[in-house]
Amino acid sequence: MHSPGGSPPDGTSSSLTTPSKRKPAGATGNHSRQHSDHLSSAPDQKRAKFNNPSEPGISRMSKVLSKRPELVDLTKPPTAFQPQKGAKKLVIKNLRTTSRSSDLDKYYDVTKQELLDALQAIFEQKQPRQPLERLYRGVEDLCRHGDARELYKTLQERCESYLRNDLHRSIVAEAGPSNVDVLRSTHKHWVIWNAQSTRIRSIFSYLNQSFLLRSKEFLQINDMAITLFRRTVFVTSHSGVNTGAKSLAGMCDLVDYDRRGDTRFDPALLRDSISMLNVLTIYGKSFEPRFLEASRVYFKEFAEEQSAASLKEYISSCEKLLAREDYRCNAYNFESTTKRQLMDDAHTILIERYSEKLLDSGSITKLLDEKAVDSMKALYDLLRLSGIQKRLKQPWEEYIKAAGSEIVKDTTRGDEMVLRLLEFRKVLDIMIRDAFNRDDEFTYSMRQAFGSFINDRKILSAWKNGASKVGEMIAKYIDMLLRGGLKTLPKSLLSDAKDRIDAEKSGQASTADEDAELDRQLDQALELFRFIEGKDVFEAFYKQDLARRLLMGRSASADAERSMLAKLKNECGSNFTHNLEQMFKDQQIARDEMASYKSWCEGNGHAKSNLDLTVNILSAAAWPTYPDTQLSLPDDVATQIERFEAYYINKHTGRRLRWKHSLAHCVVKARFNKGPKELLVSAFQAVVLTLFNQIEDKSDGFLTYQQIAENTGLNGPDLDRTLQSLACGKVRVLTKHPKGRDVNPTDTFTVNKAFTDPKYRVKINQIQLKETKEENEETHERVVQDRQFECQAAIVRIMKSRKTMTHANLVAEVINQTKSRGAIEPAEIKKNIEK
């Protein structure tokens, strides 16, 4: 028997026998030797030609074939294990000659020393001499050996000794005299200790995972490092130096530098210091109270200093201060609780304690007069932060009443009353939209204030007609809009970009469209109309102005007229607009009647005249009442009128026509030296002008005032106004002698043959659109008379339903039922009761 690596006894080549000596994995000892004996005991099984080295091809073939035997004996066991004979006994001898326990003790001692050396190197900010992996394995071995507790205590003692003796002394040595210098040194060494503890934690990671993770007695290494630093630097004082207190004071000093604009402010140091306190878990307990107390002191000083300034400056200063405080809390990672409490303190000190200054009526009035939207927004936001923005409503409402009253009782600018009220209202709307964040309560207060001063009898007593004046002026303003459109409005009343955006968002047509903008302006006028109590005055004047627009064709937009009528119907009901709707129907009926009349003329052989007659047939009950005026018409005009009247009476039996020549208008062709013109004039003006055709051939042709009066049938104010419009207005087709603005009975008139105008058709009948003083007074008197009738009707209606009633209750009920049409004095009601 030979060893597995030896040569076979029959002298065969090792290259031939080596493949046959391969053993299965795990075969050792006697098994290997038995397998070797088996191969060496059967050399005759190999053919001799394979041993011939002279044939290289055959030799290679023999090497290939020799890897497996030519004949396999299946009766022999393939391994050395023979179950019939039993397993052979393996004997393992101990080769160690020395004691193992002494070697282990020596290894653990060496490992501990290596760890201590590594700690010292880390404390000295050097690289440990041993590789980190070896140190980690050493910690693992010690923990497995049962020395985890001892190892942790040793680590804790070494870290605590280093922090107390080395790191703290270094902080004190490097710190300057100021608190900020101490803070800067503390943070610098915190960064160093943080890096050192990270290295220590990586080396002792196994101690964390195997022992400290399940221990309730000991902190984990990271928590221990934080606790030791906090205890050493911020809790206890060494050598009489309290670095923690100075560091916290240094942070407060940095904030103060920032508040006062000091160049010594270090934003990075403040931000990193806040993060350091959060990690050390002393932010809320140690820093926050100190910081808030210092902030309160600063806020008090700031408020006392700024309170001497004007309200606008105080608001601006407080707004900037709060913005800076909010930014600082966000930018430097202050806790949300700190920010909330800080802002609450600022609101209390700056706003609530100085609320009397912020809500001073005189100062707020000045801001509103200046249209200081930004300042009012800042004031509203400041008050809202403290939840007292509702207290701003009182000075807001007082201002509106005072400013509105001044507008309403200004008798010198009565024609501008509604324009000024709408401009005032627009300023207030912009204030609510941009300054008060569309607060509905301020919108309601504004409406209450408007309703108060518009209907205040003491304020309106400045006018002769009292409470009726505002309704009259609103009707005239709407008439101006419907006659002239947007060109009659100042730019300040037109919608701005924000109004257009709001209109588009609400699904309305953009106010950039002219029709939509006109509709919006009508809505604004209706807003004022809603405030007035005397709606009967508005109705009377609106009806009168509507009649002029319809009869003279002076409406800027038929759609706007119908839209306004729909708005009034929606606002006041169908009873209010019944007569107005009838006026539109009469216009349509008149057009149909004229078409029928022209067809009748053509059918009856009436020659076509140079005169084109158009007649508007009006219902007397629906239209305003107009005085009858005697007028001597030209023969051709009178003939046409008689023909139409005969046709109409014949067609509509029982009806009677009353001609209102004061509302008629026509187009007159005139020849002047510089060319012909078409003059758009009233019937009165046309009759006067045609008189001058009779004296055209006379060289010194003129007409006296008396001649004109005799030939036209006009006299008094009507004739004066007509002559004044033709000879003293902007368009002077007649010349008055002597010259002057007033017409006298001694004046004479001639044709102004030198008249010229850039337009071919010249409008002179503006006089018809203007209301005379007498007409105005008559309208007011008619309204007062109608109120008396309504009051009497209300008394009868109430007494029929109630049968018996006390005098006071009856007066109150009459006021309640008639207030929508117009306010009636209790004394007037008493007189009507006694009738």
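Aromatic pairs number 35 in this structure, which is a predicted model. Two of the pairs are set out below.

| Pair | Centre distance | Plane angle | Class |
|---|---|---|---|
| Tyr314 and Tyr354 | 5.9 Å | 40° | tilted |
| Phe450 and Phe453 | 5.0 Å | 50° | tilted |

Take the tyrosines. Tyr314 belongs to helix H13 (residues 311-331). Tyr354 sits in the loop between helix H14 (336-352) and helix H15 (355-358). The pair therefore ties together parts that are 40 residues apart in sequence. Tyr314 is buried, at a relative accessible area of 0%. Tyr354 is partly exposed, at 21%; the cut-off for buried is under 20%.

Phe450 and Phe453 both lie in helix H20 (residues 440-454), 3 residues apart, or about one helical turn. An α-helix has 3.6 residues a turn, so residues three or four places apart point the same way. Both Phe450 and Phe453 are buried.

Ring pairs also build a cluster. Its members are Tyr597, Trp600, Phe644, Tyr647, Tyr648 and Trp659.

Charges meet rings too. Lys535 lies over the face of Phe529, 5.2 Å from the ring centre.

Helix H19 covers residues 417-435. Its 19 residues should span 27 Å at 1.5 Å a residue. The end C-alpha atoms are 26 Å apart, which agrees. H19 is mostly covered, with 15 of its 19 residues buried. After H19 comes Asn437, whose phi is positive, near 55°.

Key
Residues are numbered from 1 along each chain as its sequence is written. This is a predicted model: local features need pLDDT of at least 70, side-chain atom pairs count only at pLDDT 80 or more; totals for chains, interfaces and linings use all residues. Side-chain values use heavy atoms; hydrogens and water are left out. Helices (H or I, at least four residues) and strands (E, at least two) are DSSP runs, numbered from the N terminus. The expected span of a helix is 1.5 Å times one less than its number of residues. Buried means under 20% relative accessible area, exposed over 50%, partly exposed in between (1.4 Å probe, protein chains only). Rings of Phe, Tyr and Trp (its six-membered ring) pair if their centres lie within 6.5 Å; planes under 30 degrees apart count as stacked, over 60 as edge-to-face and the rest as tilted. A charge sits over a ring if NZ of Lys or CZ of Arg is within 6 Å of the ring centre and within 35 degrees of the ring normal.
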